[in-house]
Amino acid sequence: MTPSYAKKTPSRHPNRDVNIQANPKKTAKELRIALAGNANVGKSAIFNQLTGLNQVTGNWPGKTVERAEGTLFFEGYSIRVIDLPGTYSLSAYSMEEIVSRDYLAVEKPDIIVNVVDASALERNLYLTLQLIELHLPMVMALNQVDFAAKKGLNIDTKKLSETLGIEVVPTVAVTGSGISELLDTVVKQATKEKKTVPNEVSYGKEIEEHIQAVENLVVSKLPQLSSIYPSRWLAIKLLEKDADIIAKVAALPEGQEQLKLVDEITAELETVHGETPPVIMAAERYALSSKIAKDIVTIVTSPRISLEQKLATITTHKVFGYLILVGVVVAIFAVIFEGGNLLSGVLDTGLSWLSENTSNLLSTVLPPQAVDLIVNGVIGGIAAGITIALPYIVPFYIILALLEDSGYLPRAAFLMDNVMHKIGLHGKAFIPLILGYGCTVPACIGCRIMETKRERFLTAFVVMLIPCAARTVVILGLVGRYVGLPAVIGIYLFDLILVFGMGRIAFKVLPGEPVGLIMEMPNYKKPSAKTVILKTWSRTKDFVYVAFPIIIVGSLIVEAFALSGLMPYFVAGADPIMTVWLGLPAIVAIPLLFGILRKELTLVLLSTTLASVGLAITSLSAVQMIVFALVVMIYIPCLATIAACKREFGWQKALGIAAIDIALALLVGGLAFRVLSLFM
């Protein structure tokens with residue numbers, strides 16, 4: 001397959017210790033370096049340090065599901081840095097593994113930077129040994145050495161370097177420590193006339209004999225593949241019965257015949273060891289990793305139970321873990337609700353004063369229609385965006401960044417594993433669901449952490465029903481502000497029931513059993529203030545840059561629509577669905593229509609649209625507010641989400657999900673109107 005990636009623009013380097021050229025010469029030589037390593041070892045943090053970009057970082061495995069690219073300029077070199085998805089091996093079992101190994105084995109970067117977690121060296125070496133088998137120049141970034149030191153681990157980097165035959169540079173990516181030395185080493189290694197090749201990985205005698213037999217066959221019979229991939233690496237992959245490589249061989253002329261010969265060799269190896277070759281190779285690599293780690297690492301202080309370990313125990317406890325999870329969720333909504341309402345009130349007062357005085361000033365020089373267009377359209381749109389959206393979005397993004405950085409998300413996923421199995425998924429799917437409360441687009445892309453296509457699609461289907469930050473703005477800004485917190489909690493509880501109900505139905509329609517949950521449980525870490533601020537700003541910036549122009553244009557269109565006299569015709573056309581079925585004013589169809597662009601736009605335009613016919617938001621009843629919020633929460637995701645869904649699953653499935661969501665929103669909205677009207 002052709003790997004996809006997000007290409008980013010070059011940027012100046014934030015690390016002053018590194019001599020980055022702000023205005024590189026056009027004649028700069030080019031280098032390509034690939035960052036490869038296990039999930040959650042700090043690759044994205046090193047990528048950001050090197051390029052000055054803001055690749056999203058987080059303390060949970062699988063956040064980088066596609067490769068990202070940035071460029072920096074150093075000592076006359078234009079260096080492209082490719083951040084590959086975190087992976088634990090170079091097999092073809094998951095999307096991350098395929099994306100990473102396709103780039104390394106086929107596109108062959110000038111040098112690999114193997115990012116390794118120093119506090120978990122033995123586990124990380126399993127991938128290092130496989131990277132070495134690619135026969136590419138390599139440097140190891142021994143990251144998180146500070147955390148390893150806290151655990152009482154002392155790593156002999158010189159001995160590790162000699163054992164593997166590669167340079168080893170200690171780093172602490174989050175602080176930038178060692179980054180300058182790493183970049184300097186990488187450039188020197190990549191630009192040597194005779195590049196250093198890592199030491200050969202040697203297995204047991206019988207295994208080596210069988211690898212050699214397959215390699216001889218590869219060199220003599222499969223020159224098409226051995227000209228692309230290293231012949232020894234191909235031989236090992238064929239012994240391991242790698243599905244992707246076997247498919248490539250089978251597609252060649254006489255490929256089936258060569259595969260039969262390989263099968264005979266692997267059968268001999270299986271007979272000698274009594275295990276299948278994939279198991280044999282995995283056991284050999286783990287044994288080798290363990291041996292190297294024991295030779296390199298010494299424990300200088302007795303292990304103690306740290307605060308992080310105590311937290312890890314209690315937050316995954318079968319009773320206390322769930323109580324803490326509920327407490328965390330309630331605290332999140334309480335902070336957003338109370339903080340958002342307080343901030344919104346303050347901003348509303350200030351901007352109302354500005355709007356009134358601007359109107360008075362313009363009235364002296366412009367006709368009334370122009371004043372209405374400017375004040376209600378432009379200023380009204382900006383004011384609504386600031387007072388309605390930002391007070392709720394910013395606190396939520398801060399909390400989300402804290403959860404991502406702390407390492408709590410994997411614990412929540414672990415606790416929810418049994419529940420997620422009820423809808424055909426496992427606990428890892430809970431992470432995209434949580435991310436969905438921030439934005440549905442990255443949550444949709446984040447579904448790639450699931451192992452199979454079926455699980456990815458099922459996860460995306462339920463992720464679409466999670467109220468993102470934009471929909472939270474509508475729920476809190478309308479129902480929370482005018483109806484009360486109990487109604488808000490009721491909506492979110494109903495949404496959880498809806499998510500699991502629809503997930504259960506989808507599970508029945510797409511039968512199959514989820515694979516077991518295998519997920520790394522990262523250590524708890526104190527969130528970095530800098531990282532939290534950068535993440536919050538990056539996400540808020542997206543809202544300000546993307547949503548605000550749409551909000552202003554939308555407000556202008558609505559105001560122009562009202563001034564043109566076309567509003568009554570639109571209202572009459574929307575009456576059967578809006579008024580008869582949903583119990584809402586027919587004119588509410590306008591904000592719902594614009595909500596396809598951005599969901600927070602619905603609340604902003606609800607205010608301006610009602611104002612255009614002489615109504616205020618407070619003229620809506622509590623039932624109407626709840627019905628409006630329910631429809632916005634469920635109906636078709638925004639255009640950006642549809643585009644992301646199309647990219648992941650194709651037009652048919654993306655439009656299918658959108659159609660189901662629209663039908664579901666209208667059904668739930670109409671039923672809610674009739675049921676709630678009996679009690680409220």
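This is a predicted model: local features need pLDDT of at least 70, side-chain atom pairs count only at pLDDT 80 or more; totals for chains, interfaces and linings use all residues.
Housekeeping: residues are numbered from 1 along each chain as its sequence is written. Local features need pLDDT of at least 70 and side-chain atom pairs count only at pLDDT 80 or more, while totals for chains, interfaces and linings use all residues, and side-chain values use heavy atoms, with hydrogens and water left out.

Okay, rings. Rings of Phe, Tyr and Trp (its six-membered ring) pair if their centres lie within 6.5 Å; planes under 30 degrees apart are stacked, over 60 edge-to-face, and the rest tilted. On that basis we get three aromatic pairs. One of them is Y229 with W233, stacked, at 5.4 Å centre to centre and 20° between the planes. Y229 and W233 are both buried (under 20% relative accessible area with a 1.4 Å probe, protein chains only; exposed is over 50%, partly exposed in between).

Then there's F457 and F649: centres 5.5 Å apart, planes at 80°, so that one is edge-to-face. What I like here is the sequence separation: F457 sits in helix α20 (residues 453-463) and F649 in helix α28 (residues 639-649), 192 residues apart. Helices are DSSP runs of H or I, at least four residues, strands are runs of E, at least two, and both are numbered from the N terminus. F457 and F649 are buried too. And F457 has another neighbour: the charged end of K653 is over its ring, 5.0 Å from the centre (that needs NZ of Lys or CZ of Arg within 6 Å of the ring centre and within 35 degrees of the ring normal).

Next, helix α26, residues 600-612. How much of α26 is buried? It's 10 of the 13 residues, so the helix is largely enclosed by the rest of the structure. Among the buried ones are E600, T602 and L610.

Last stop, strand β6, residues 138-143, where six of six residues are buried. In a regular strand, side chains alternate between the two faces of the sheet. In β6 both faces are covered: M138, M140 and L142 on one side, V139, A141 and N143 on the other. β6 pairs with β5 (residues 111-117) in the parallel sense over six bridges; pairing takes at least two DSSP bridges. A141 in β6 is the bridge partner of V115. On the other strand, β8 (residues 167-171), five bridges join it to β6, again parallel, and there A141 partners V169.

That's my tour, thanks.
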